Amino acid sequence: MPNLDHDFHHDDFDFAHEEGAKLIDRTYSATSYAKDVWNNFKKNKGALIGIVIIIFIIFMAIVGPGMNDFTYKQIHGGQECLVPRVPGLEKLGIFDGYHNGKDQYAEQDAKDVYYWFGSDTQGRDIWTRVWSGTRVSLIIALAAVVIDIVIGMVYGLVSGFFGGMIDSIMQRFAEILNGIPTLVIVTLLGMVLPAGIVSIIFALMLTGWIGMERIARAQVLKVKEQEFVLSSRTLGAGKFRIIFSEILPNIMGQVIVTSMFSIPNAIFLEAYLSFLGLGVPAPMASLGSLVSDGYKSMTTFPHILIIPVIVMAVLMLCFNLFADGLRDAFDPKMLNK
Amino acid sequence: MKKYILQRVLISLATLFVILLVLFILMDLMPGTPFNDEKLTQAQKDLLYAKYGLDKPVLTRFFLYCKNMLKGDLGVSYAINKNFAVSGMVKDRLGISIAVGAMAMTIGTIAGLLLGILAALNHNSWIDNLCSAISVFGVSIPSYVCALLLCYFIAYRLNWLPILYNVEQPFISLILPAVALSVSPTANIARFTRSEMIDVMNSDYILLVESKGVKDWKMIIGHVLRNTLIPVITVMGPILVNLLTGSSVIEKIFGIPGIGRLMITAIQENDYNVTIACAFVYSLMYIVTMLFVDILYGVIDPRIRIAKEED
Amino acid sequence: MKKFIALLLVLLTLVCCVSCGKKEEEEENPAAEDVVIFQNENVRKAMSYAIDRASLAKSLNDGSVAAEGIIPFKLASNPVTGQDFRDEQGAIVAYDLAKAQEAYNAACEELGKKKLSINLLYGTNEGDSVIKAAEQIAYYLEEVGFEVTLVAKQKKERLSLMDTGDYDVALTRWGPDYGDPQTYMDLYVSYNHSNNAGRYDSAEYDKLVEEAEATTDPSERWSKFLEAEKVLVQKDYGIVPVFQAGGAMIIRPTISGIQFHSAAVDNYRHIVGKDTVTLITNTDIVYLDYQYATDGTSFVAETLFTSGLTELDADGNWVLDLAESYETNADGTEYTFKIRDDANWYDSNGKVVRTVTAQDFVDAWDRIMSEELASDYSWWISDVLLAKEWTAVDEKTFKVTLEKPNGIFMACLAFPSAFPINKEFIDEQGDQYATTAETMLYCGPYILKSWTPGYSYELERNAGYYFNDQYDAAGTAKKIVFRVLEDTQTALMEYEAGNIDTVILSGEQVTANKDKEGFVNRLQGYLFYLSININHYDE
């Protein structure tokens with residue numbers, strides 16, 4: 001029997017809200033996909049720092065070489081292998097031109113000269129060479145990412161999505177291309193192409209995207225059997241629409257992150273190419289060739305190596321923060337948070 | 001399944017055949033000859049060409065080569081160690097390169113997985129950022145710089161390990177080269193593991209597992225890991241092959257007589273037989289590894305198996 | 001279906017691009033628009049005066065010296081006075097920016113151009129000094145007003161381009177084969193189409209060289225060569241010598257006795273100071289068969305485990321080795337050698353196989369000259385030794401008849417191409433001959449004990465060698481190990497750890513290490529010069 005002994009007074013209940021308060025409908029303005037992504041991106045502090053530093057480096061790459069009187073190819077006999085010396089900081093005891101306790105600049109008759117990043121084994125100013133080299137490397141990095149995505153990702157997408165005979169042929173072709181040593185491809189390219197950035201792009205087009213396409217293909221295989229793809233198909237979406245509207249956004253994150261990792265490979269490939277006669281011709285520098293030249297002085301004058309390595313590492317770190325931010329921004333699951 | 005494997009093996013053989021043919025044709029297009037271009041006259045070079053049968057047309061030489069290959073004869077070297085059997089040269093050096101590569105792969109996989117898992121489990125904390133930074137540095141600093149750094153500080157200054165490779169202490173003297181070689185794979189694997197694991201941990205079925213009350217870390221990792229590792233294995237395949245076929249710079253720095261150095265020298269000296277043998281070995285290993293990975297992939301991931309059967 | 005076709009088209013375009021890129025026969029021509037500018041003497045003169053050779057050599061930092069002409073230092077000595085060719089001739093090239101500028105301006109006027117452009121071809125895998133030198137040369141030429149584009153190629157391609165005349169100016173080198181100016185002079189006669197890449201064509205030069213080689217008077221020969229060099233370099237600016245290569249090394253102070261010869265094979269037979277010496281080599285042996293080898297490393301090893309009629313001493317003069325004594329006829333065209341009775345062939349275990357006979361020399365010289373061997377050095381017998389007949393008079397007497405008297409004959413017998421062979425052994429071994437330490441026979445002071453290709457090779461003293469007691473008395477090393485190391489930085493670490501006894505330094509390491517005990521700069525014979533494409537563009 002229900003317990004009806006308890007009496008309820010009307011005092012027992014209070015309105016939860018203010019009486020008379022109006023209930024206002026909160027409406028959100030419609031944002032486009034791009035704006036959503038941008039808002040998401042802004043929330044990621046790391047990514048923002050990354051972008052800022054990248055912009056700073058690009059600025060330095062444009063302006064840096066002009067900041068002092070040296071050019072990237074001027075050779076100063078007798079002023080080789082000088083350690084960095086900066087006018088203001090030398091009073092603080094760092095960057096004062098002392099190597100192993102001896103004042104290099106005084107010994108080599110260069111008391112009035114200041115090399116902010118030091119000079120290399122032929123007496124060229126490293127500051128100018130590093131920044132003009134960064135220019136070249138940034139272009140290469142951009143080319144590498146674009147090629148990776150345009151060729152590698154699309155190749156993997158198409159191959160993975162269609163499966164069967166198409167997949168088989170495309171994979172075999174990739175295997176054949178992979179089986180030819182890079183040095184052979186590059187030597188043959190060198191016989192028909194003039195040196196320069198175009199040759200690097202060609203070389204990248206022939207060799208740089210195979211890693212990416214395997215990853216893209218693996219991702220596609222994973223995604224393509226999921227229910228939302230099935231539902232799209234049921235609703236009558238055509239094949240290409242499925243590929244580019246359904247599958248692509250879901251693998252984009254992984255693809256972007258992976259493509260960032262192909263940048264150092266591209267930069268080192270350029271250094272390798274310039275050794276073989278392609279790539280940017282000497283005496284023009286690129287970060288990759290600065291690093292491989294600096295390596296030879298690593299045990300004697302490490303500054304020649306360390307400076308380009310630091311610039312490259314910082315650049316890579318920022319690209320990665322940026323890519324991570326981009327990936328989190330693009331992730332459909334995160335868009336609604 | 002068996003039919004699929006058989007099909008793939010046959011296709012692989014065909015691919016290898018095509019690769020061999022392409023290599024043969026490309027070798028012909030390379031500039032210069034295998035002989036001492038600086039000091040020989042054209043007449044002398046023609047004589048040498050005739051002696052080694054290099055004046056015959058490409059296809060004839062190709063079929064002759066294939067015939068000999070089936071007998072195990074990979075030709076002789078023209079420039080590096082004259083008249084040496086190429087099969088002997090490749091065999092000796094391949095063993096050493098595989099040893100270094102296997103060590104590097106082991107170190108790289110363990111370190112990479114640990115780093116990646118650590119980063120993913122602490123997503124967006126300072127540990128994550130640190131691991132990411134380590135992984136980025138690992139990729140942006142070239143292997144030869146790492147190698148020399150390691151050599152200088154650990155072998156030369158601290159004397160913990162030998163500076164160069166030597167045959168009397170094969171294992172110990174290969175540790176430094178293996179570590180130097182493993183830096184890049186570690187970074188790649190760590191990065192990939194981290195992003196895959198984050199993806200998996202954000203997915204619905206893990207939410208389900210958690211909401212079912214499975215708080216035990218081991219269980220979560222068991223579920224999460226299995227799903228993470230699947231695409232990671234795809235990445236590890238090509239990395240493994242690259243490591244096993246030797247890195248020419250590491251071999252040069254540590255004085256290791258490996259196959260990486262051999263191939264580069266062979267291409268530069270136009271030693272056709274050696275180049276083709278090395279490139280062939282590399283392709284063989286690559287195709288076998290890819291086949292293995294594809295099959296493994298299909299076996300582990302039930303979604304893919306279903307898809308395949310539908311086809 | 002449509003999608004499939006679209007896909008196929010994409011694939012096909014990809015394949016087309018790839019195959020077009022690779023199989024195009026159209027070769028990029030790295031020559032500037034009109035190569036003809038190099039026919040103008042002022043252009044070549046400007047190039048020659050523009051280069052500051054001393055500064056360039058100094059910045060290379062490895063013992064390289066500025067070239068004073070095309071003949072390197074320490075190559076050959078005057079047959080009468082004994083003075084070095086280079087010292088006698090003096091410097092016939094100079095650095096003079098004013099003269100260079102003047103010549104450049106004159107050239108511009110004569111050719112009707114505002115600026116002259118040059119493509120400078122160089123090799124990237126020929127050593128760091130080549131790359132540095134090329135960059136420096138480009139810089140110096142640009143200071144005068146030229147517009148220089150550096151064209152970097154691998155060595156094989158560079159040689160191939162020079163062969164076909166597809167270049168403007170190339171930084172190339174020549175290493176002397178023997179200690180006589182002829183090894184350089186022969187290169188630039190107008191009909192030498194193998195080495196005269198620029199097709200320098202001077203009737204005066206040709207005549208001088210031909211006369212020098214025809215005459216039997218050594219003095220006349222010498223002065224003709226002196227004149228010819230002047231014509232080539234100073235008068236016509238046919239080529240522009242740049243620098244002579246050096247080599248910086250550190251040799252452990254406790255060992256000594258390594259003989260460096262810039263115009264012959266280095267001699268490592270007399271190293272004293274340690275029982276087991278570990279030496280560095282930056283290339284591996286290419287071929288143990290000394291009648292086939294062409295590289296310095298192979299030759300060095302072969303002079304250790306094989307002997308010839310003569311050997312070179314520390315000053316580069318010849319002394320008798322396998323030959324106990326010799327006689328010549330009045331005009332020096334016949335030499336008769338008596339081979340030592342105690343000279344034997346040994347196998348890799350040190351066991352005597354049989355004695356060395358005169359027939360061994362006959363067989364050897366026949367074999368190296370034979371067409372079927374197609375040896376790179378067959379011309380050593382015919383063109384350097386100038387031998388036209390050789391016979392075994394009896395078991396131990398070997399007679400050689402020369403085409404004409406040859407001042408360098410005795411010294412050139414010390415070169416491995418003139419060493420004897422054991423024909424039965426070679427026939428017995430067939431294809432296996434000279435592939436391992438066990439498939440060789442030895443008659444030198446050392447025996448090759450083992451060879452791990454790409455890694456190291458070891459030699460041990462042969463107790464049966466006829467001078468072995470003298471070697472023991474001098475304290476010569478009992479065992480020599482050569483380690484193949486290419487990276488100079490880790491090699492230096494290995495040296496400082498005490499594991500190897502010599503190390504080769506790169507230019508970058510010299511500044512920091514030149515005060516170390518045992519540091520030595522050795523001069524090599526390689527002369528680097530600019531080959532100018534004067535007439536080679538219509539083939």
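In the predicted model, the centres of domain 1 and domain 2 of chain C, taken over C-alpha atoms, are separated by 34 Å. The domain assignment places residues 30–245 together with 527–538 in domain 1 of chain C, and residues 255–500 in domain 2 of chain C. Contact between the two involves 11 residues of domain 1 of chain C and 10 residues of domain 2 of chain C. On the domain 1 side of this contact, 6 residues are nonpolar, 2 are polar and 3 are charged.

Chain C also contains an open sheet of 4 strands, arranged in the order E6-E17-E16-E15 with mixed pairing. Strand E6 (276–281) and strand E15 (446–452) of chain C form the edges of this sheet, each pairing on one side only. When direction is ignored, neighbouring strands of the sheet are turned by 20° against each other on average. In general, the strands of a sheet pair through backbone hydrogen bonds, in either a parallel or an antiparallel manner. For E15(C) and strand E16 (residues 456–461) of chain C, the pairing is antiparallel and extends over 6 bridges. Within this region, C:Trp451 has C:Tyr457 in E16(C) as its bridge partner. Helix H11 (residues 296–305) of chain C packs on the sheet and touches E6, E15 and E16 of chain C. The direction of helix H11 of chain C makes about 140° with that of E15(C).

A further set of contacts joins chain C to chain B, with 28 residues of chain C meeting 34 residues of chain B. Helix H7 (155–164) and helix H17 (488–496) of chain C each contribute at least two residues to the side of chain C that touches chain B. That side of chain C comprises 11 nonpolar, 10 polar and 7 charged residues.

Chain B itself has 14 helices and 0 strands. The C-alpha trace of chain B spans about 85 × 60 × 30 Å along its principal axes. Chain B has 311 residues, of which 47% count as buried. Among the contacts in chain B with a separation of 6 or more, 72% are accounted for by residues 24 or more positions apart.

The buried residues of H5(B) are B:Cys131, B:Ser132, B:Ser135, B:Val136, B:Gly138, B:Val139 and B:Ser140. An α-helix has 3.6 residues a turn, so residues three or four places apart point the same way. The cover over the buried residues of H5(B) includes elements of chain A, namely helix H10 (239–276) and helix H12 (303–330), as well as helix H4 (86–121) and helix H8 (175–201) of chain B.

In chain A, A:Ser159 lies in helix H4 (residues 126–162). A:Ser159 counts as buried because 24 other C-beta atoms lie within 10 Å, where the cut-off for a buried residue is 20 or more. Leaving aside residues up to four places away in sequence, A:Ser159 touches A:Ile166, A:Asp167, A:Met170, A:Gln171 and A:Arg217. A:Ala216 is 57 residues from A:Ser159 along the chain, and the C-alpha atoms of these two residues are separated by 9.3 Å.

Definitions and conventions. Residues numbered from 1 in each chain as written. Chains lettered and ligands numbered in written order. Predicted model: local features only at pLDDT ≥ 70, side-chain atom pairs only at ≥ 80, totals over all residues. Buried ≥ 20, exposed ≤ 12 C-beta atoms within 10 Å, placed from the backbone. Contact = placed C-beta atoms within 7 Å. Nonpolar A, V, L, I, M, F, W, Y, C, P; charged D, E, K, R; others polar. Pairing = 2+ DSSP bridges. Axes fitted to C-alpha atoms, helices over the stretch in contact; angles between N-to-C directions. Domains from an automatic or database assignment.
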